[in-house]
Amino acid sequence: MSASSSARSTAPQERLELGEVGAELLPGDLCHWRSHRDPAGIVWLLLDKHESRTNTLSGAVLDELGTCLVRWAPAPPRALVIRSAKPDGFIAGADINEFSGASDRSEVETRLRKAHGVVSRLAEFPVPTIAVIHGFCLGGGLELALACRHRIARPDAKLGLPEVMLGLHPGLGGTARLSALLSPFTALELMLTGRSLDARRAKRLGLVDAIAEERHVAGAVRAAASGKLERRRPAVSSRLSKFAPARRGVAALVRRQTARKARAEHYPAPFALIEHWHHHGGSARSLLEHEPASFARLLTGDTAQNLIRVFFLRERLKRLGRDGAPVVRAVHVIGAGTMGGDIAAWCALKGISVSLQDQRPALVGPAIRRAAALFERRLKQPSAVRAALDRLVPDHRGDGVGRADLVIEAVPENADLKREIYAAVEPRLKSGALLATNTSSIRLEHLGESLRDPARFVGVHFFNPVAKLPLVEVVSHDGADPSCIARAHRFVTQIDRLPLPVRSAPGFLVNRALTPYLLESLTLLEEGLAPETIDAAALRFGMPMGPLEVADQVGLDVCLHVARGLREELPGPWAPIPAWVEERIARGDLGRKSGRGVYEYRNARARKQRKFPAPDPGLEDRLILPLINACVACLRAGVVQDRETVDAGLIFGTGFAPFRGGPMHYAETRGESDVVAALKRYREELGPRFEPDAGWEDEAGAE
């Protein structure tokens, strides 16, 4: 793409302030950057990554930046502005494709030191350097901006260093430059959590020097070039890091806080960052010098490579909603219980007009109150909260059915009740509207057998809590129109969720795999193990929550219903359902929602014993292997198309230990023959429920 064609493609989409165009300064051999000098003598260097919708920092992008800086150093301009020519943002971070599969630590470190040289050249450029930031400015993008003397942000800017999400820490000088700018606690907190800041918060912390609307960007740039824009001075508390005792105290405190949230053996990156800052934080030069080696150790480790795999799994699901299907502008939800009310609230939060109906009108009010609390937590601004509430309309008579592009049924798991609702709703649907069910386990063929037009009937199975779990199973069946499935995928991505394509089958993927795991935990409890011991085994494996606490969160009544349904529809041995489960349900002990289940709950938190027997080494396998065995069964039955879909579903739907890369990837890494051998040992010891699925032979043949 030539510089001129790139300019033509950018300008109509977003009227970015790119400086008054003057003569092109760069030769045609550079394809990612273009530049010009404006009448004030300021050079605008614009990143427009070739053949990419989004700017990322690849080796080629940084090499070209280095070329520009070398060429201009002998006769520098009055000032240098670095800005994105892409409408969607500044720089989204490093090009993750270049991280995948990295295994040679010395090679990674060599490449990183070369990149450090380019960024350091920018930091030492002899004239004012100004990063103008709009949209996302993440990871390596923010590290590049930190190397500039000034940062000017548009109000829509989002700044952050999310490398920890990939099992890494900043690697382009960010550990040094952020630590020099902010207080030690603030700098470490931003790097350890990976959270993003909006422009206002970034300005308050001193991460940016000014906020400017697009029409005022040029004026802010001229002020920075003239020395009239005040620079952020390093925080006084940042001087503490120069003293070893102070660093030691800060590092110890932050290490303890981090250990409460992550285990070092599972997620080494946060602890590596703390150690790096502890030992080298006395000087920026030392931090810069040792950062590449620390980064390379992490990047070539199993955790980072598995988390990079998870990143690509997420991107794969996101692409399912980018096929050009029409957007959904209006949704009608039938069922204002926990799931239905929360689905309606989430859709309204994401900008869709929603009407909410329930056969029991008394449930609608509490659902609206839960929605208001969600909007206040997420949106903050009163005007934005009010707008979201205006989009969520109580609809006792169901008038919204005829206006909706999508009607979602989210009533309890009763097939007769669901079919009764469809019979009343289908004649009122407008042309082209979708009818969807949020069923968690019932086959769509059973639910839609009396529909006049089953082609537009789909499953959209959300997970509880809706606002936290990003996955939605999009369920197809033999009679579904592919265009309707595509539109369901588009809807899911439209509301910032991940669509997982599954075929109609008992329990679909996630509940089919999760149920043996939960049943085995109940069996262990029946055998006399402490619930804390059972949950501790799952946490030691890397699950975000123990299975018994998951059962309480889902609801013991829901778990029992799903387990019974699967046992009826799927042949083969299952773990028995202990009698005490039905007894607790009968007396109203349903889990967290009733205040008591396996655990007692106070302020929605489980009350657990602090001292309990440590789990035996084999306990993890007893819990995890039934889940993996069920995943193989789903593959064999064609519920999902491939291993990657299985791994994505269990990671994003249940939180399956992301650092392990997913259940199928874990089995492959461990050795599938070893997994099958362990299942056979448990079959001999505990019974036929551990029988290896026939799909293991298919997987071995595929290998």
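Glu51 counts as exposed, because its relative accessibility is 73% (exposed means over 50%, buried under 20%, partly exposed in between; 1.4 Å probe, protein chains only). Glu51 sits in the loop that runs from strand 2 (42–47) to helix 2 (59–72). Helices (H or I, at least four residues) and strands (E, at least two) are DSSP runs, numbered from the N terminus. The backbone of Glu51 stands out too: phi is positive, about 55 degrees, although Glu51 is not a glycine.

This is a predicted model, where local features need pLDDT of at least 70, side-chain atom pairs count only at pLDDT 80 or more, and totals for chains, interfaces and linings use all residues. Residues are numbered from 1 along each chain as its sequence is written, and side-chain values use heavy atoms, with hydrogens and water left out.

How confident is the predictor? The protein chain averages a pLDDT of 93 (confidence in each residue, from 0 to 100), and 95% of the residues score at least 70. Residues 1–13 fall below 50; beyond near neighbours in sequence, this stretch has 12 contacts in the model. Where pLDDT is low, the predicted coordinates should not be read in detail.

Go back to the loop between strand 2 and helix 2. Thr54 is found there. Is Thr54 exposed, partly exposed or buried? Thr54 is partly exposed, because its relative accessible area is 23%. Leaving aside neighbours within four places in sequence, Thr54 is in contact (heavy atoms within 4.5 Å) with Lys49, Lys86, Asp88, Ala92 and Phe136. With Asp88, the side chains make a polar contact at 3.0 Å. Such a contact is a pair of N or O atoms within 3.5 Å, one able to donate a hydrogen and the other to accept it; residues adjacent in sequence count only if both atoms are side-chain atoms. Val632 is 578 residues from Thr54 in sequence and 37 Å away in space, C-alpha to C-alpha.

Now take a buried loop residue. Cys148 lies between helix 4 (140–146) and strand 7 (150–153). Cys148 counts as buried because its relative accessible area is 5%. Beyond four places in sequence, Cys148 touches Ile82, Leu122, Thr129, Ile130 and Ala131.

Lys380 lies between helix 14 (364–379) and helix 15 (382–391). Lys380 has a positive phi of about 65 degrees, yet is not a glycine. Its relative accessibility is 61%, so Lys380 counts as exposed. Elsewhere, the peptide bond from Asn464 to Pro465 is cis, with omega near 0 degrees. Pro465 belongs to the loop between strand 16 (457–462) and strand 17 (471–476).

Four strands form an open sheet in the order 4-6-8-9, with mixed pairing (two strands pair if DSSP finds at least two bridges between them). Strand 4 (89–91) and strand 9 (196–198) are at the edges; each has a single partner strand, so one side of each lacks a neighbour in the sheet. Strand 8 (residues 158–160) runs antiparallel to strand 9, and three bridges join them. Leu159 has Leu197 as its bridge partner in strand 9.

The largest nonpolar core has 91 residues, and Tyr517 and Phe652 have the most contacts inside it. Helix 24 (residues 619–637) gives the most to this core, with 11 residues. Apart from it lies another core of 70 residues, among them Val43, Val118, Leu182 and Leu205. A nonpolar core is a set of buried Ala, Val, Leu, Ile, Met, Phe, Trp, Tyr and Cys residues joined through side-chain atoms within 4.5 Å.

Key:
pLDDT is the predictor's confidence in each residue, from 0 to 100.
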